[in-house]
Amino acid sequence: MNFLKHITIRMALLSILVIFLLLWGGVSTFTLFSLNQLTHSLHLSSNQQKNINIINRGNDQYFRVVTRLSRAAAYRQSGATANADRELASAGVALKNTQDNLAKFKLQSHESMDPILTDKTIQSWSTLLSKGIEPMVKAVTENRFEDYNKLFNNDYPPLSREFGATVEKYNSTVDIATEAASLRVETLVDWCQRALFAALIAGVIILFLTDRYIVSYLVRPLESIKVHFKRLAEGQLGRPMPEFGRNCVGQLIPYLREMQNSLVNTVSTIRNSTDAIYTGAGEIAAGNADLSSRTEQQAAALEETAASM
């Protein structure tokens, strides 16, 4: 980890921010992708459920047509015209409803469904109405009960069975697709939770490592520089500051050493100058003493000369 001593604080912090950006950018991208897939799955499930509801309503309505036609035929054969007309009107309404549901089913989106199965469902439904239900309605309306019985007993049953089998297969396919979509949604949610949890752990680790980096390569070196300045202030100029790399704090060390050397040179110069001044002052004092002694000797000689004269 010594290489960290040679990285500037700015570069280190930018690297940490880039790592954070990449980490959360990746997690955000994956989360957005998962949400998009989740939305798509829910949309497909919603459309499939709508299609199932349309088929079930259409199936229910065509059964109502058959039931009311049977009653209408019985009423007409017994001479209860009013009851027969009422049942026929109700059958007409039910027939219109199932035709509307068929048209709506054709316009619905059938994404993720087998196109062959969808076409077969539409075809069997249309065939049931055009070759089974509608001719029976027309036969009862025109009092052609023999034709109605022939249609009801011969033509209608295989068409109804085919449509019922197709509807059952369609419902089974939708159930399988719904289960697969639910499993896919659960998987995406699980992976999103794992990604977020992993990102949280990675964020805590990066935060801890960042704190250790700042303490080791910024706080402690600055504390050492502060202690060294305190020694310089106390006059301890002989202890050099150790090297600390080439980061922002380490780049101060050469200047601090240069300043310390300058202080040492200045103090040495002052000390040498003081010693020279002290030596010169001593020599001047000795000269003054010698001169004073000679002056006294000359004065004594003059006194002796004066006395002899």
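The axes of helix H1 (residues 9-78) and helix H4 (residues 145-233) come within 8 Å and cross at roughly 165°. Axes here are lines fitted to C-alpha atoms, for helices over the stretch in contact, with angles from 0 to 180 degrees between N-to-C directions. Helices are DSSP runs (H or I, at least four residues), numbered from the N terminus. H1 and H4 are therefore roughly antiparallel to each other (angles over 145 degrees). H1 passes H4 in a left-handed crossing, in which the near helix is turned anticlockwise from the far one by less than a right angle. The residues of this contact comprise 40 nonpolar, 16 polar and two charged.

The model is predicted, with local features requiring pLDDT of at least 70, side-chain atom pairs pLDDT 80 or more, and totals for chains, interfaces and linings using all residues. Residues are numbered from 1 along each chain, and side-chain values use heavy atoms, without hydrogens and water.

The loop between helix H2 (81-107) and helix H3 (115-141) holds His-110. His-110 is buried (under 20% relative accessible area), at 18%. Its side chain reaches the backbone oxygen of Phe-105 at 2.8 Å. Beyond residues up to four places away in sequence, His-110 touches Asn-51, Phe-105, Thr-118 and Tyr-170; contact means heavy atoms within 4.5 Å.

Glu-111 also lies in the loop between H2 and H3. Glu-111 is partly exposed, with a relative accessible area of 39% (the class between 20% and 50%, 1.4 Å probe, protein chains only). Neighbours within four places aside, Glu-111 contacts His-40, Leu-44 and Gln-48. The C-alpha atoms of Glu-111 and Ser-45 are separated by 10.0 Å, at 66 residues apart along the chain.

Technical notes
Helices (H or I, at least four residues) and strands (E, at least two) are DSSP runs, numbered from the N terminus. Angles under 35 degrees count as roughly parallel, over 145 as roughly antiparallel, 65 to 115 as roughly perpendicular and the rest as oblique. Ala, Val, Leu, Ile, Met, Phe, Trp, Tyr, Cys and Pro count as nonpolar, Asp, Glu, Lys and Arg as charged, and the others, Gly among them, as polar. A polar contact is a pair of N or O atoms within 3.5 Å; within protein, one must be able to donate a hydrogen and the other to accept it, and residues adjacent in sequence count only if both atoms are side-chain atoms.
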